[in-house]
Amino acid sequence: MTVAGANFCVVSAIRYDPSLLFTSAEIDTVKFSESKAALDPTPFFLFPRHVERLNLAHRYFWPESAYGGDVVSSESLANALYTAVGAPDKCWRLRTLVSEDGTIKVEANEVVPRGDLYSGLKSDTTPETSWAVYVDSEPTPQTSITMFKTSNRDPYTAARQRVLPPNFPISSLTEVLLFNEKNQITEGSLTNVVFWRNSEWVTPSSGDIGGLRGAVKAELLARGIVRELKQDEAVLKDSIQEGEKVLLLNGIQGVAAGYIKLGAYRN
């Protein structure tokens, strides 16, 4: 497959969180150094899923360069991530980019701690402390860029610009849901989305109607917590209700709760 742009990369956003490996009393430079020396991937949230995701995307865009094998090994990814981590007692968003030749680049930004990376599944969530979720005003067609996470963010940037105020901070707990030409919800601009339908949590099909193959989504599907819908079961845009709870999934937030706000943006 031909990919435009010499700087095009496949991407995964990976959370470094010391609480995944250490208790609060254990977080110190010595223990971090020991873990780094052993390349223990434990503090990187859902690490194996990210290895799988990056290789799957790389094979899709550059099928001949990998010759059927993996260009990203667990060791090479863990080494790149550890090198990028700043203070080991902080939480970090590690935006990991892999180029056609397999070069790994990691961009690190500090993020706030989350005591429970699966907190969205709890029954005691409230709109006041959760994400506000809007629906895009125009469809986003399914392309290779909406199937795999890449350095090309144009469809997602466009969706946020249509719905949210100018220069709206991406760090705000505000999401925009995308839908395709058939008015089927596919995903969010920053997350995969999960709906409560017929007494179960369900998520749009990545293969049939579009939407990224997210690491957290893959984990919940494998655990049987969420079921992936078939194309004829898709959640239609017009079926979404004001105030309904959804789950928002990504590699940095884990599973967060969101509540639908129909219509134009409002504080």
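Reader: At roughly what angle do the axes of helix 2 and helix 7 cross?
Author: Two packed helices are described by the angle between their axes and the distance between the axes. Helices (H or I, at least four residues) and strands (E, at least two) are DSSP runs, numbered from the N terminus, and axes are lines fitted to C-alpha atoms, for helices over the stretch in contact, with angles from 0 to 180 degrees between N-to-C directions. Helix 7 covers residues 215–223, and its axis comes within 9 Å of that of helix 2, the two crossing at roughly 115 degrees.

Reader: What kind of model are we looking at?
Author: Residues are numbered from 1 along each chain as its sequence is written, and side-chain values use heavy atoms, with hydrogens and water left out. Local features need pLDDT of at least 70, side-chain atom pairs count only at pLDDT 80 or more, and totals for chains, interfaces and linings use all residues, as this model is predicted.

Reader: How many charged residues are in the contact of helix 2 with helix 7?
Author: Contact means heavy atoms within 4.5 Å. On the helix 2 side we find Arg49, His50 and Arg53, which meet Ala215, Ala218, Glu219 and Ala222 of helix 7. Ala, Val, Leu, Ile, Met, Phe, Trp, Tyr, Cys and Pro count as nonpolar, Asp, Glu, Lys and Arg as charged, and the others, Gly among them, as polar. The contact therefore divides into one polar, three nonpolar and, for the class you asked about, three charged.

Reader: Which residues in helix 7 are buried?
Author: Here "buried" has a cut-off: it means under 20% relative accessible area, while exposed is over 50% and partly exposed is in between (1.4 Å probe, protein chains only). Just after helix 7 comes Gly224, with a positive phi of about 80 degrees. Within helix 7, the buried residues are Ala215, Val216, Lys217, Glu219 and Leu220.

Reader: Is the pair of Phe61 and Phe148 stacked or edge-to-face?
Author: Phe61 is in helix 2 (residues 47–61), and Phe148, 87 residues apart from it, is in the loop between helix 4 (144–147) and helix 5 (154–163). Phe61 is buried at 2% relative accessibility, and Phe148 is buried at 6%. The ring centres are 5.9 Å apart and the planes stand at 70 degrees, so the pair is edge-to-face.

Reader: How many residues apart are Phe168 and Tyr265?
Author: The rings of Phe168 and Tyr265 have centres 5.4 Å apart and planes at 75 degrees, so this pair is edge-to-face. Tyr265 is partly exposed, at 28% relative accessible area. Phe168 lies in the loop between helix 5 and strand 5 (174–179) and Tyr265 in the segment after strand 11 (254–260), so the pair links parts of the chain that are distant, 97 residues apart.

Reader: Which residue has its charged end over the ring of Phe148?
Author: A charge sits over a ring if NZ of Lys or CZ of Arg is within 6 Å of the ring centre and within 35 degrees of the ring normal. Ring pairs link Phe148 into a cluster with Phe8, Tyr60, Phe61 and Trp62. At 5.0 Å from the centre of the Phe148 ring is the charged end of Arg213.

Reader: Is Asn198 buried or exposed?
Author: Asn198 lies in the loop between strand 7 (192–197) and strand 8 (200–203). Although not a glycine, Asn198 has a positive phi of about 50 degrees. With 75% relative accessibility, Asn198 counts as exposed.

How values were computed: Phe/Tyr/Trp six-rings, centres within 6.5 Å; stacked < 30°, edge-to-face > 60°.
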